[in-house]
Amino acid sequence: METWLEINLKKLENNYNYIKTKTNTKICSVIKADGYGMGSYDIAKKLEMLGTDMFALAFVKEGERLRKKGIKKDILLLNFVSAEKLDSVIKNNLTLSLYSLEQLNLYVQKVSLEILKKIKFHIKINTGMNRLGFDKNDFPKLIKLIEKYELNILGSYCHFADVNDEEFTKKQYKEYIEFNSKLEKACNKKLIKHVCNSAGTLKYKAYHLDMVRVGMALYGLQPLKTLDENIESIFTWKCKISNIRKVEAGERLSYGNYLLREKKTIATLPVGYAHGYMRQLSNKGYVLIKGEVCNILGDICMDQMLIDVSHLKEVEVEEEVILLGENLKPEILGELANTIADDILCKISPRINRILIN
Ligand SMILES: *Cc1c(COP(=O)(O)O)cnc(C)c1O
């Protein structure tokens with residue numbers, strides 16, 4: 001194999017168990033974007049075995065795939081679901097987020113009330129992100145429609161914009177609680193209440209409510225600004241050197257006009273932006289060979305890149321290279337590429353083989 005992604009399921013287990021020590025509530029494992037690029041089925045299978053209470057995904061298609069492969073636990077869809085997908089929602093026992101009156105009206109127009117009644121909903125409440133979610137003013141109409149169509153409402157939630165801003169987070173929490181209390185009263189039942197993502201889970205025990213929704217911490221991304229050593233990367237992205245050559249000073253490297261100022265030994269790697277290695281890391285990123293830093297030189301190509309191995313004592317073709325992992329965290333590459341660690345991770349192409357390590 002020229003490049004592969006090792007997924008350490010034992011570390012996933014450690015991260016999951018660590019989160020369990022941080023909360024007494026249910027855990028919803030967020031595995032959208034193919035499990036943050038790790039491969040949602042293998043991740044889901046392991047987490048189901050570990051006893052996660054629920055999964056969260058973005059789209060129906062992802063849910064259909066996991067059901068087909070045998071995942072049984074409840075799946076909450078966090079994102080947009082068009083009306084033509086509602087049959088599949090019911091068939092695959094998926095739970096929907098209901099986030100606006102317009103969305104509900106679309107469903108009412110396009111499917112029978114029989115079907116509508118069968119759908120399981122969590123109500124998404126807008127508390128400040130202004131992305132999805134009902135506003136305070138929507139409440140009277142929402143309640144009328146819930147009663148009219150006998151909707152099956154099981155839970156409610158909101159999402160924090162920035163847990164580092166304690167004042168804003170508190171305001172979001174308060175608004176959520178107010179909305180939810182009215183909702184529970186009107187529905188005359190208790191709902192599953194959940195507001196915390198990974199960062200919220202670690203920072204605000206008082207806000208855990210009935211369930212926390214944990215994504216990044218499961219995979220070993222750091223949710224808070226401070227390093228938490230209990231959270232370990234579950235992934236190592238590797239490749240092998242495909243070519244080595246000596247290049248003289250004054251010659252050029254890769255596309256563009258990268259001019260080499262001194263003689264160097266250059267290795268070629270069989271990985272590029274088509275594998276999801278960010279092109280923005282051209283001339284900025286680095287890889288590890290036997291623990292040593294090797295800088296990327298010149299523009300990253302579609303499925304190749306060039307690195308400087310001049311300082312290595314011994315290096316040969318087929319030598320193993322680490323592109324991402326415990327000692328080369330996506331947080332570092334994220335900073336170099338002017339983005340966040342999650343972005344670095346979920347861009348890793350699904351066409352790269354995932355090798356499971358137990
Ligand atoms: C992605 C997502 C999460 C998980 O967030 P992390 O920061 O990765 O833990 C939780 N809730 C919602 C609504 C999300 O979209």
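These notebook entries record what I looked up on salt bridges and aromatic pairs in the structure above.

**Basis.** I worked from a predicted model, in which local features need pLDDT of at least 70, side-chain atom pairs count only at pLDDT 80 or more, and totals for chains, interfaces and linings use all residues. Residues are numbered from 1 along each chain as its sequence is written, and side-chain values use heavy atoms, with hydrogens and water left out.

**Salt bridges.** I looked up salt bridges (a side-chain nitrogen of Lys or Arg within 4 Å of a carboxyl oxygen of Asp or Glu). I found that the structure holds 19. One of them joins Lys290 and Glu319, at 3.2 Å from N to O. I then checked burial (buried is under 20% relative accessible area, exposed over 50%, partly exposed in between, with a 1.4 Å probe and protein chains only). Lys290 is exposed at 59% relative accessibility, whereas Glu319 is buried at 14%.

I noted a second bridge between Lys193 and Glu184, with the closest N and O atoms 3.6 Å apart. Both Lys193 and Glu184 are buried. A network of salt bridges links Glu184, Lys190, Lys193 and Asp210.

**Aromatic pairs.** I next looked up ring pairs (centres of Phe, Tyr or six-membered Trp rings within 6.5 Å; planes under 30 degrees apart are stacked, over 60 edge-to-face, the rest tilted). The count is six aromatic pairs. Phe139 and Phe179 form an edge-to-face pair, 5.3 Å centre to centre with 90° between the planes. Phe139 is buried at 11% relative accessible area, and Phe179 is buried at 4%. I also recorded one aromatic cluster formed by Phe160, Tyr173, Tyr204 and Tyr207.
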